[in-house]
Amino acid sequence: MDFGISNILEIKYWEKKMKKLLLSFKLLRLELIVILSLFSFNAYSQTVDNPILISFKPINSVVKQGTKSALILKFKVPLGYWLGSNNKAARNPAPTIIKMESTNGFIFEKPLFPKTVAKGVPVHKGYSFVFDGEVNVVIPFKTLKSLKNGSYKITTKITYTPGLNAGQLITHINEKYFTTVTVDRNSQLLQAKSPQPFTGKVPA
């Protein structure tokens, strides 16, 4: 009889032990999920190799045929970093080049950049003209009257180099960014006035 009670107590002891181990495993699994989620979020945010955040969107998501509008390409340059100017002769950092891929029924104009700022370059004992802060580049475009109603994928290719006063980082060559513009002949939206390019401050 005592032997039977002893077995029961031992079984209950190991049941409690297993429940504790299972709970610990579940907590560990939850912690790993949280860590992986945070890692995934940071993978798409600013990093040492990719310090500049870029967004691309139209000033109006819907436009009419035969009207003018514009796209905004925004570079968020963190404090202490630079973005190369649009001057093709730029060397430190290398120039920023924007190319629009051809889209049927859309006529893209030359990108409009804000003014650059002069930054001291101790290594070369001189100055470099660069962009910093939140850089808003405007790309005006026009839609043809013959364009059919529908949503159109707009693609731009950007070559740019993040930099610092001690030198420059890896050049990003022909990185593609996408947005969508909807064309609707029945749209009540008036023709948009193209905004001016400007530079703002990036929140610390």
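User: What should I know about the model before reading it?

Analyst: The model is predicted: local features need pLDDT of at least 70, side-chain atom pairs count only at pLDDT 80 or more, and totals for chains, interfaces and linings use all residues. Residues are numbered from 1 along each chain as its sequence is written, and side-chain values use heavy atoms, leaving out hydrogens and water.

User: What share of the residues is buried?

Analyst: Buried means under 20% relative accessible area, exposed over 50%, partly exposed in between (1.4 Å probe, protein chains only). Of 204 residues, 33% are buried.

User: Which residues have the most contacts inside the largest nonpolar core?

Analyst: A nonpolar core is a set of buried Ala, Val, Leu, Ile, Met, Phe, Trp, Tyr and Cys residues joined through side-chain atoms within 4.5 Å. The largest has 26 residues, and I54, L71, L73, F75, I98, F106 and I158 have the most contacts inside it. Elements giving two or more residues include β3 (68-77) and β10 (150-160).

User: What does F75 touch?

Analyst: Contact means heavy atoms within 4.5 Å. Not counting residues up to four places away in sequence, F75 touches, among them, I54, L83, I98 and I158.

User: Why does T103 count as buried?

Analyst: T103 counts as buried because its relative accessibility is 10%. T103 lies in the loop between β5 (97-100) and β6. Leaving aside neighbours within four places in sequence, T103 contacts F108, K153 and I154.

How values were computed
Helices (H or I, at least four residues) and strands (E, at least two) are DSSP runs, numbered from the N terminus.
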